[in-house]
Amino acid sequence: MANVVKDLPTMKKFEFPVYEVVTPHTNHSFTIRSMTVDQESVIKESSVSPVKLDTIISQTIFDCIENKEPPFNTLEGFEKNLTYRDREALIFGLIVASYGETQKYSYKCPNCDKEFDVDINLGENADVKIYNGGEDLINKEVTIDLPVSKYKAVVKLPSLFESKALYNIKGVDKSVIDKMSEYNIVKKLIVPGYEIDTATGDKIEKEYVIDKLIEIYSTIRKLPAKDRKAIQNAVVDMYGKYKLTIEVPTVCPSCGHEFTTSLDVTQELFRNLQ
Ligand SMILES: [Zn+2]
């Protein structure tokens with residue numbers, strides 16, 4: 001009788017699915033792989049605290065990136081060199097790598113109220129507008145002249161790191177921080193003023209710089225509405241179009257009504273986690 005050599009069991013290897021993402025503000029390419037079941041659980045468990053969830057989402061994306069070249073080889077480098085819009089595109093990559101491009105959606109027709117299920121290809125309906133103007137958007141500062149107060153606002157896209165740092169300001173209520181976060185893009189306000197020359201009594205023109213966010217916020221609150229609008233319009237013009245959008249056109253199978261739904265990428269992530 002021949003000897004039978006019993007091998008130790010050897011599991012067949014498998015590869016995690018991957019998806020390629022280009023970030024809309026900073027124009028970097030990433031290969032992102034599927035989450036593990038463990039990583040899904042960590043996100044689900046952190047969803048009770050928005051700040052913790054935010055940290056965990058960045059950590060998970062960072063861990064799932066396969067091409068971690070400098071400056072993206074550390075979590076800090078990742079957070080300092082990408083914006084929120086960039087991260088939204090990466091969340092999309094994480095969803096597709098983890099759950100596939102085609103997914104089932106349930107809709108209620110806004111015309112006849114009938115409910116129906118439909119398979120949707122997310123990749124075909126997602127559009128990432130990528131900035132390719134050659135400037136380093138995350139480090140670029142732009143000065144905006146405010147029409148009424150004649151103040152100047154210097155704006156710069158906040159990185160993920162700067163956005164997160166906002167929530168670590170001590171002694172400020174969370175609801176105030178939420179309001180302040182809208183102005184986190186304003187790096188400083190330049191306020192025209194003057195000093196009196198003590199020898200001659202002459203007025204000497206002078207500019208005052210406000211560069212702490214809490215002071216920027218309290219100053220902007222007292223400005224005329226048109227000045228806030230000037231900041232907002234300039235920011236939308238410069239950066240607003242570079243982002244991921246998912247617009248899904250659907251036709252109701254009962255009445256033929258056509259309608260389009262916009263999907264929010266963070267909500268999509270949570271829908272898939274269920
Ligand atoms: Zn219908």
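L53 is partly exposed because 17 C-beta neighbours lie inside 10 Å. On this scale a residue is buried with 20 or more other C-beta atoms within 10 Å of its own, exposed with 12 or fewer, and partly exposed in between, the C-beta atoms being placed from the backbone. The model is predicted; local features need pLDDT of at least 70, side-chain atom pairs count only at pLDDT 80 or more, and totals for chains, interfaces and linings use all residues. Numbering starts from 1 along each chain as its sequence is written.

L53 belongs to helix α2 (residues 50-64). Helices (H or I, at least four residues) are DSSP runs, numbered from the N terminus. Leaving aside residues up to four places away in sequence, L53 touches S46 and S47. Contact requires C-beta atoms, placed from the backbone, to lie within 7 Å. The C-alpha atoms of L53 and K179 are separated by 19 Å, with the two residues 126 apart along the chain.

Two domains are assigned: domain 1 (18-130 + 248-273) and domain 2 (137-240). Their bounds come from an automatic or database domain assignment. Taken over C-alpha atoms, the centres of domain 1 and domain 2 are 32 Å apart. Their contact takes 14 residues from domain 1 and 11 residues from domain 2. On the domain 1 side, α2, α3 (75-80) and α4 (84-99) each give two or more residues. The most come from α2, with 4 residues. By class, this side of domain 1 has 3 nonpolar, 6 polar and 5 charged residues. Ala, Val, Leu, Ile, Met, Phe, Trp, Tyr, Cys and Pro count as nonpolar, Asp, Glu, Lys and Arg as charged, and the others, Gly among them, as polar.

Helix α2 also packs on α4. Their axes come within 10 Å and cross at roughly 60°. Axes are lines fitted to C-alpha atoms over the stretch in contact, and angles run from 0 to 180 degrees between N-to-C directions. The two helices are therefore oblique to each other. In this contact, I57, S58, I61 and C64 of α2 meet R87, L90, I91 and L94 of α4. These residues divide into 6 nonpolar, 1 polar and 1 charged.

Angles under 35 degrees count as roughly parallel, over 145 as roughly antiparallel, 65 to 115 as roughly perpendicular and the rest as oblique. From α4, E88, I91, F92, I95, S98 and Y99 meet V265, T266, E268, L269 and N272 of α10. The contact has 6 nonpolar, 3 polar and 2 charged residues.

Definitions and conventions
Contact = placed C-beta atoms within 7 Å.
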